[in-house]
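Work through the following exercises on aromatic rings, using the structure shown below, and compare each step with the solution.

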Amino acid sequence: MAKMTNAYDLPARKVIHTVGPKYAVKYHTAAENALSHCYRSCLELLIENGLESIAMGCIYTEAKNYPREPAAHVAIRTVRRFLEKQKGKIAGVIFCITSSSDTEIYKRLLPLYFPRDKQEEETAVSKLPADVGDENGETVIDERKIRIRPLPAGAADRTVATAPLDLPLESGLASSRSTFKLDSYLDPSFMSLIKDPDLRRKEQWGKSSQAQKRFNYARLLGYGDIGFPPLSAAEEYSLHSRYLAKANSLNLSEIAEMKIIYRGGVDSEGRPVMVVVGAHFLLRCLDLERFVLHVVKEFEPLIQKPYTIVYLHSAASLQPQPDLGFMKRIQQILGRKHQRNLHGIYILHPTLGLRTAILGMQLLIDGEVWKKVVYVDRLVQLFRYVPREQLTIPDFVFQHDLEVNGGRGMIV
């Protein structure tokens with residue numbers, strides 16, 4: 001709920017007070033709907049008191065563990081839905097952002113919900129999440145919706161016809177009812193971005209059944225299950241958002257301490273670098289689900305712009321490695337933004353087995369991403385792409401380089 005008071009000495013006519021919800025992953029939908037109602041209650045008070053403009057800060061706070069980007073989606077889409085119905089009564093809505101991270105989020109998301117030209121509208125089609133809420137901006141769970149199907153043939157004939165009551169209505173009330181009926185529909189251009197949930201689920205089942213009917217050669221060869229159906233852009237974005245929200249709400253320090261992936265500096269052309277150490281990937285003592293969450297959390301700041309991956313395969317062949325099915329799943333969760341902004345993958349000390357696996361990923365998973373692989377046999381060659389001072393490299397990598405390359409290896 002929201003409450004309005006006088007502004008007194010503040011440079012405004014009124015002040016609206018509301019309390020944002022606490023966030024827990026278990027009650028994700030309830031928190032989203034409560035936050036949406038906070039924003040909507042403020043806007044309703046604005047209309048009721050004859051005011052035309054409002055400045056709103058971030059109602060969600062770090063103290064209540066609310067993830068920043070999912071909360072921004074809720075805030076913007078709630079305002080969008082409200083303006084669809086009351087656009088003639090509100091002159092302006094200002095989002096007051098106090099941190100640089102929130103500013104970057106809002107600059108990226110506002111054009112998706114309020115596209116200013118045809119190009120931004122086309123971008124919004126691919127980047128908007130699959131669930132953009134109902135007519136009020138609240139989250140809707142498809143399985144909980146009641147969908148009324150048309151009457152079967154012949155049922156209409158058995159229904160009793162009743163004559164409508166001729167009630168006297170004032171002209172103003174009649175017109176307001178008709179306009180309300182029209183206003184209750186969503187903006188057609190915005191609504192067209194949402195696919196019918198039943199149709200979407202039917203398509204997914206069809207793709208899954210087709211994948212299961214095919215003979216799974218990849219599993220036969222030990223590459224894992226890579227036959228699950230591809231996702232649309234909106235479904236990938238929604239999947240990524242859910243994983244990111246969960247990753248931000250958990251303490252993954254035990255995964256970070258293993259140093260499987262960590263941030264490096266920048267490459268020779270100024271792109272940020274993510275370092276992956278294959279020998280640290282201890283499959284037997286690693287919780288893969290928590291590792292995936294850690295990957296999503298670490299990669300999120302990088303995949304917004306062009307970036308580079310350096311994979312140190314030194315001595316990694318001694319450890320069991322994840323199969324292609326696991327790699328395809330991570331790639332789907334990271335989404336198309338990762339595929340588009342990835343500049344290159346530099347692989348140090350590749351083995352024949354790794355080259356074969358990369359070839360399999362090019363053929364069976366995604367040729368566009370895995371064709372960006374550059375094999376590097378010596379550390380000296382790697383430093384041509386990424387300067388030495390920009391990388392934190394474990395000592396055993398230098399030792400392995402000397403063992404493999406002899407006198408041509410890197411001496412520290």
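Rings of Phe, Tyr and Trp (its six-membered ring) pair if their centres lie within 6.5 Å, and planes under 30 degrees apart count as stacked, over 60 as edge-to-face and the rest as tilted. The model is predicted, so that local features need pLDDT of at least 70 and side-chain atom pairs count only at pLDDT 80 or more, while totals for chains, interfaces and linings use all residues. Residues are numbered from 1 along each chain as its sequence is written, and side-chain values use heavy atoms, with hydrogens and water left out.

**Exercise 1.** Determine which cluster the ring pairs form around Tyr60, and classify the pair of Tyr60 and Tyr66.

*Solution.* A search of the whole structure gives six aromatic pairs. In one of them, Tyr60 and Tyr66 are 6.2 Å apart centre to centre with 45° between the planes, a tilted arrangement. Tyr60 counts as buried (under 20% relative accessible area; exposed is over 50%, partly exposed in between; 1.4 Å probe, protein chains only), because its relative accessibility is 1%. Tyr66, at 2%, is buried. Ring pairs join Tyr23, Tyr60 and Tyr66 into a cluster.

**Exercise 2.** Classify the pair of Phe281 and Phe291.

*Solution.* The ring centres of Phe281 and Phe291 are 5.2 Å apart and the planes stand at 80°, so the pair is edge-to-face. Both Phe281 and Phe291 are buried.

**Exercise 3.** Find the ring face over which Lys259 lies.

*Solution.* A charge sits over a ring if NZ of Lys or CZ of Arg is within 6 Å of the ring centre and within 35 degrees of the ring normal. Lys259 lies over the face of Tyr262, at 5.5 Å from the ring centre.
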